[in-house]
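Please open the model in your viewer, with the sequence panel alongside, and follow the stops below in order.

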Amino acid sequence: MRLTSKIAYRNIIESGKADSQKYLIIRLLKTEEPLSRREISQATNIEIGSVSGRVNEMLKLGILEEAKMRRCMFSKKLIKPVRLSEGL
């Protein structure tokens with residue numbers, strides 16, 4: 001990872017922006033079927049790179065889990081969508 005990427009990531013975390021992005025993603029997934037990162041990006045207007053970062057963080061924390069593979073409605077590629085973990 002480049003130094004500039006690490007600095008940008010640290011700035012996002014320190015500013016609280018990451019937490020607000022996580023909140024938007026969680027709120028969306030409470031009302032929707034499992035979604036791809038691209039679908040989440042489209043629905044929340046959060047850049048795909050930021051969505052991927054927040055989703056990966058929440059996967060590691062057990063907040064999200066991967067669902068059954070399906071085709072993405074935008075890219076038509078086979079993807080593993082994410083959903084809220086059971087019990088959340």
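Colour the protein chain by secondary structure and read along the sequence: the pattern is α-α-α-α-β-β-β-β, which comes to 4 helices and 4 strands. Keep in mind throughout that this is a predicted model. With the whole chain still selected, a surface calculation gives about 6,100 Å² of accessible area, of which 52% belongs to carbon and sulfur atoms, while 31% of the 88 residues count as buried. Among contacts between residues at least 6 apart in sequence, 44% join residues at least 24 apart.

**The nonpolar core**

Next, select Ile 25, Leu 28, Leu 29, Leu 35, Ile 40, Ile 46, Val 51, Val 55, Met 58, Leu 64, Val 82 and Leu 84, and show their side chains; these 12 residues form the largest nonpolar core. The elements that each contribute two or more residues to this core are helix H2 (17-31), helix H4 (48-61) and strand S4 (82-84). In soluble globular proteins, nonpolar side chains tend to be buried together. Centre the view on Ile 40 and ask which residues it is in contact with, once its neighbours within four places in sequence are left aside. They are Ile 25, Leu 28, Leu 29, Leu 35, Val 51, Val 55 and Val 82.

**Along helix H4**

An α-helix has 3.6 residues a turn, so residues three or four places apart point the same way.

Is Gln 21 buried or exposed? Its relative accessible area is 6%, so Gln 21 counts as buried. Then select Thr 44 in helix H3 (residues 37-44), which is 23 residues from Gln 21 in sequence and 8.7 Å from it in space, C-alpha to C-alpha. Thr 44 is likewise buried, with a relative accessible area of 16%, and, leaving aside its neighbours within four places in sequence, it is in contact with Leu 24, Leu 28 and Val 51.

Select Ser 36 in the loop between H2 and H3. At 4% relative accessibility, Ser 36 counts as buried, and its contacts, apart from neighbours within four places in sequence, are with Arg 70, Cys 72, Ile 79 and Pro 81. Move on to Asn 45, in the loop between H3 and H4, which has a positive phi of about 60° although it is not a glycine; with a relative accessible area of 71%, Asn 45 is exposed. Finish at Lys 76, in the loop between strand S2 (70-71) and strand S3 (78-79). Lys 76 is not a glycine either, yet its phi is positive, about 65°, and at 52% relative accessibility it counts as exposed, the cut-off being over 50%.

Technical notes:
Residues numbered from 1 in each chain as written. Predicted model: local features only at pLDDT ≥ 70, side-chain atom pairs only at ≥ 80, totals over all residues. Heavy atoms only, no water. Buried < 20%, exposed > 50% of the residue type's maximum accessible area, 1.4 Å probe, protein only. Contact = heavy atoms within 4.5 Å. Areas by Shrake-Rupley, 256 points an atom, 1.4 Å probe, with all protein chains shown as cover. Core = buried A, V, L, I, M, F, W, Y, C linked by side-chain atoms within 4.5 Å.
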